Amino acid sequence: MQALRNAWYVAAWDHEVTTGAPFARMILGEPLVFWRNASGEVIAFEDRCCHRQAPLSRGRVEGDSLRCGYHGLRFDSTGRCIEIPGARAIPPRARVQRFPVVVHRRWVMVWMGQESAADHALLPGNFSCEHPDWRYRPGYLHYGTPWGLIADNLLDFSHLSYVHAQTLGGTDRIASVRPEVTRIQDGVRVSRFIPDVTLPPYFKPLWRYEGRVDRWQTYDFVLPATLIMHSGARRAGAAQGATVDEVDFHSCQALTPETADSTHYFFMEAHRSHQGDTSTTDGLYQGLLQAFEEDRQMILAQLRNLRARPGSPMLPLPMDEALVRFQRLFQQRLAAEAAESVPAKAPTEPSRESSEH
Amino acid sequence: MQALRNAWYVAAWDHEVTTGAPFARMILGEPLVFWRNASGEVIAFEDRCCHRQAPLSRGRVEGDSLRCGYHGLRFDSTGRCIEIPGARAIPPRARVQRFPVVVHRRWVMVWMGQESAADHALLPGNFSCEHPDWRYRPGYLHYGTPWGLIADNLLDFSHLSYVHAQTLGGTDRIASVRPEVTRIQDGVRVSRFIPDVTLPPYFKPLWRYEGRVDRWQTYDFVLPATLIMHSGARRAGAAQGATVDEVDFHSCQALTPETADSTHYFFMEAHRSHQGDTSTTDGLYQGLLQAFEEDRQMILAQLRNLRARPGSPMLPLPMDEALVRFQRLFQQRLAAEAAESVPAKAPTEPSRESSEH
Amino acid sequence: MQALRNAWYVAAWDHEVTTGAPFARMILGEPLVFWRNASGEVIAFEDRCCHRQAPLSRGRVEGDSLRCGYHGLRFDSTGRCIEIPGARAIPPRARVQRFPVVVHRRWVMVWMGQESAADHALLPGNFSCEHPDWRYRPGYLHYGTPWGLIADNLLDFSHLSYVHAQTLGGTDRIASVRPEVTRIQDGVRVSRFIPDVTLPPYFKPLWRYEGRVDRWQTYDFVLPATLIMHSGARRAGAAQGATVDEVDFHSCQALTPETADSTHYFFMEAHRSHQGDTSTTDGLYQGLLQAFEEDRQMILAQLRNLRARPGSPMLPLPMDEALVRFQRLFQQRLAAEAAESVPAKAPTEPSRESSEH
């Protein structure tokens, strides 16, 4: 599945890129290495030495430079080679590509397109990732599927009634209530109100309540593939804002294509800091993990079917409204990007010896 | 390797398709789901929801219907969708393909070709699979090889002398005796009489006899790929029918292509019910498993060689007579089927959104 | 990666080919079987029966013949079939290809090209593999990479400073000293002298010395891909030949392509027999294994990068001198071999039935 290049992608949670140890992650089919220089700033390089294509992530950080672990070439924070053991001169071509990167509320975000287009105004609204009012445990799952199938899943919550009957869902009512879908800047907004249902198992660590509740979910799903959601439940029939008998969540989730066929899934769902303690946070995280594994198994099974008969038609149904609109937007942006012929990388001169092997 | 579509294939032993739980198995590259409706009848569907291609086998049986576990579409026994959560209308295209299926003497058999051609008269002669005179344990092996190599193996029992020297064979004499091969309706009949040999290890659970025996094997190997065999041993030189010093077996085996490169192998070898007890049946089954694993290892090794040099010539030898005649018959039928241009499936209209991903 | 066919390749250490049991190994994409006839001579056949392509390595040695384990065909030491169970006549085409093979100082060497060109004068100079003055443990590693990347590694020892910092290297000085590279018959010679460094960890089992040393390495790397090296260390500043404070090694290593994408790596590094005991030999072997595993991990990582972007340019640097010269020589020989249109095998007539499956 294709992906936009002119976009910020979540590459890692900030704690994954530690001081002193280079961190490897493939994004959009490109092996990247992330490391922190002497001032703690995160640097992103292509994870391949210009000499013989060994991954720089197998090398070591030396202050403000990164040294290749194969033959010892050393690169400064800009990607320029500043040392070649045993050689006096350093050819100008001895450099590796650097990618724009920013740590944005605990998300290490990398820009995979044209450097001049990298715009901080396009960073996502994941405020609860770093906010004293909210508490969570950061989550990561690797998916052996294209990102689009996961986006489809996130754009139609009717699946909560079936895939997550024992976890996030707990009732057939989610599927039977039609959400409101509106087009917003760079994505779609989906809102659903589910009145008078029992509390789903997932909520239990936070709220041990046996009565019936009203539930709501409102999320924006924006390009490239980020979900920002406010959701919750309150005593059935209670007025909005009657916080004594209410729990709410703020969730930030992002899909980053690893390759055309695999995806990094970064997620968290935060609860209010003043409700519950660390074990509450842990319990909710475990519940979320269990539910997201239910999704992963379903989507992997769906993919096996799609691969067994490529091009099989999908039958459009009313519940697909959000995903159809998002897909349309994505295709428009993809076409626009292709029309601009964005050069994805700095041009490289061919060398005499190539890596044919 | 290709396969006939207008044929009954063993899809499962009947105990594999339980009440209440859908059962998935791929046949001829087609993912299928088998389930029992309220009256216990086995139903076979393509294992993909018409909505977004999720496998229905991850859903649940609800009385006479099967519900998809992704977004909750529900299908009746004919494959027609009868419920779409959150939607009022059900489009006529909302249906899944149903395949003819019959439980025939404990074999769940599915017809993969044109529905109008499905003829119960073509069901195999596996009578001992359900007969009070015979006792056995049902067997299943998965083969990571095309079905044709396994058929080749079953069509030339000279391999018993070498592959199964320590199990089914026990003597070089099997290979040195030429069998009689005759063409029968839909296949070949192979008969072999091996006089005056020792009893092979495999027979030991049934007959602890130290003297010399005469052995015989007579089997039909018929399309698509079913072996029905009567075999046995008696005290050397004794007249046929002197049952006191005789043991005999009836064996039913079937190869069902999973894909072009993998095969389901269903097998059993029954002994007379009045001879031995449950531990006899178990002992024989374990011996058979051991021998069939010897075949599987040999055929996998043969396949690695064939893949390492595709198109390598095989040298025709006298012992290949049965397999050459069966192969010729199979190719004729395959060509006939192609000439009739059998539409393998009900035609499906293309939808606006396809599953390219 | 391509490979020369007219060359001796190490197929096995001699102890791998035991009496009585056929031994399978794939060389240059060709499955081969090695076995010893009644006089202990090693015979090499293609590992595929001419009948139905089953591997002969699953059969059994019977005196001076090898019998197929599938249907019992028996072949003499020349590859001619001398028995077909159940058949009276043996067709002339019933034979398997035999390859020239020689056991040369514990290396079982096979010639993969034109038989008439097989010349014992081309056997490698691995004298220490069988010499009373030297002691070692034979080593083997399987590489899931083309042989060329491993050759590149062996042709530039500057990597010792980085890949093997904790094992064979122990100092940045190896990379900073430029070796002398000369073209020799069939390969290149690389010599390096590294004065006044600490003893690397790898030497410790042999020499528990805390002072500074001078080190040297001189090796020939010759076609098809054999390294013969003399190396060592002596007390810093001591004259050459002051053997009291000196240790030296003789190493023989060979790369044999298994397929275009995988390689057999045979290696040993011998120490002087009069220095140390069996535990010394073992300790050195364990150190070597650890270091060669460091190489393997680096080269596998390099290969993943090369595969992720085929044709990526490599940047030529001074340290590549030996590998560039060896590559050039190899390409010349490869082109020459292609120009001669060497028929790699005896011509085979097509049979009526081929192995399409």
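A salt bridge here is a side-chain nitrogen of Lys or Arg within 4 Å of a carboxyl oxygen of Asp or Glu. A:R52 and C:D152 form such a bridge, with their closest N and O atoms 3.0 Å apart. The model is predicted. Chain A touches both chain B and chain C, and a rotation of 120 degrees superposes chain B on chain A.

**Relation between the chains**

- Chain B is superposed on chain A by a rotation of 120 degrees with 0.0 Å of shift along its axis, at an RMSD of 0.1 Å.
- These two copies are therefore related as by a three-fold rotation axis.
- For chain A on chain C, the superposition likewise takes a rotation of 120 degrees and a shift of 0.0 Å along the axis, with an RMSD of 0.1 Å.

**Interface of chain B and chain A**

- The contact involves 37 residues of chain B and 37 residues of chain A.
- About 3300 Å² is buried between chain B and chain A, and 57% of this area is on carbon and sulfur atoms.
- There are 3 salt bridges between chain B and chain A.
- B:R52 and A:D152 form a salt bridge, in which the closest N and O atoms are 3.0 Å apart.
- The side of chain B that touches chain A is made up of 13 nonpolar, 10 polar and 14 charged residues.
- Polar contacts across the interface of chain B and chain A come to 13 residue pairs, with both residues at pLDDT 80 or more.

**Interface of chain A and chain C**

- Here 37 residues of chain A meet 36 residues of chain C.
- Chain A and chain C bury about 3300 Å² between them, with 57% of it on carbon and sulfur atoms.
- The interface of chain A and chain C has 3 salt bridges.
- On the side of chain A that touches chain C, 13 residues are nonpolar, 10 are polar and 14 are charged.
- Residue pairs in polar contact between chain A and chain C number 13, both residues being at pLDDT 80 or more.

**Salt bridges over all chains**

- The structure has 66 salt bridges over all chains.
- Within chain B, B:E246 and B:R234 form a salt bridge whose closest N and O atoms are 3.3 Å apart.
- B:E246 belongs to strand β18 (residues 246–259) and B:R234 to strand β17 (residues 226–235), so this pair, 12 residues apart, links distant parts of chain B.

**Aromatic pairs**

- Over all chains, the structure has 48 aromatic pairs.
- A:W13 and A:Y136 form a tilted pair, at 5.9 Å centre to centre and with 35 degrees between the planes.
- Because A:W13 is in strand β1 (residues 8–13) and A:Y136 is in the loop between β12 (134–135) and β13 (139–143), the pair ties together parts of chain A that are 123 residues apart in sequence.

**Backbone geometry**

- Most peptide bonds are trans, and most residues other than glycine have a negative phi.
- The peptide bond from A:L223 to A:P224 is cis, with omega near 0 degrees.
- A:P224 sits in the loop between β16 (212–222) and β17 (226–235) of chain A.
- C:L223 and C:P224 are also joined by a cis peptide bond, with omega about 0 degrees.
- C:P224 is in the loop between β16 (212–222) and β17 (226–235) of chain C.
- A:D186 is not a glycine, yet has a positive phi of about 65 degrees.
- The loop between β14 (180–184) and β15 (187–198) of chain A contains A:D186.

Technical notes. Residues are numbered from 1 along each chain as its sequence is written. Chains are lettered from A and ligands numbered from 1 in the order in which they are written. This is a predicted model: local features need pLDDT of at least 70, side-chain atom pairs count only at pLDDT 80 or more; totals for chains, interfaces and linings use all residues. Side-chain values use heavy atoms; hydrogens and water are left out. Contact means heavy atoms within 4.5 Å. Buried area is the accessible area (1.4 Å probe) that two parts lose on being put together, summed over both. A polar contact is a pair of N or O atoms within 3.5 Å; within protein, one must be able to donate a hydrogen and the other to accept it, and residues adjacent in sequence count only if both atoms are side-chain atoms. Ala, Val, Leu, Ile, Met, Phe, Trp, Tyr, Cys and Pro count as nonpolar, Asp, Glu, Lys and Arg as charged, and the others, Gly among them, as polar. Copies are superposed by least squares on the C-alpha atoms of residues with pLDDT of at least 70 in both. Rings of Phe, Tyr and Trp (its six-membered ring) pair if their centres lie within 6.5 Å; planes under 30 degrees apart count as stacked, over 60 as edge-to-face and the rest as tilted. Helices (H or I, at least four residues) and strands (E, at least two) are DSSP runs, numbered from the N terminus.
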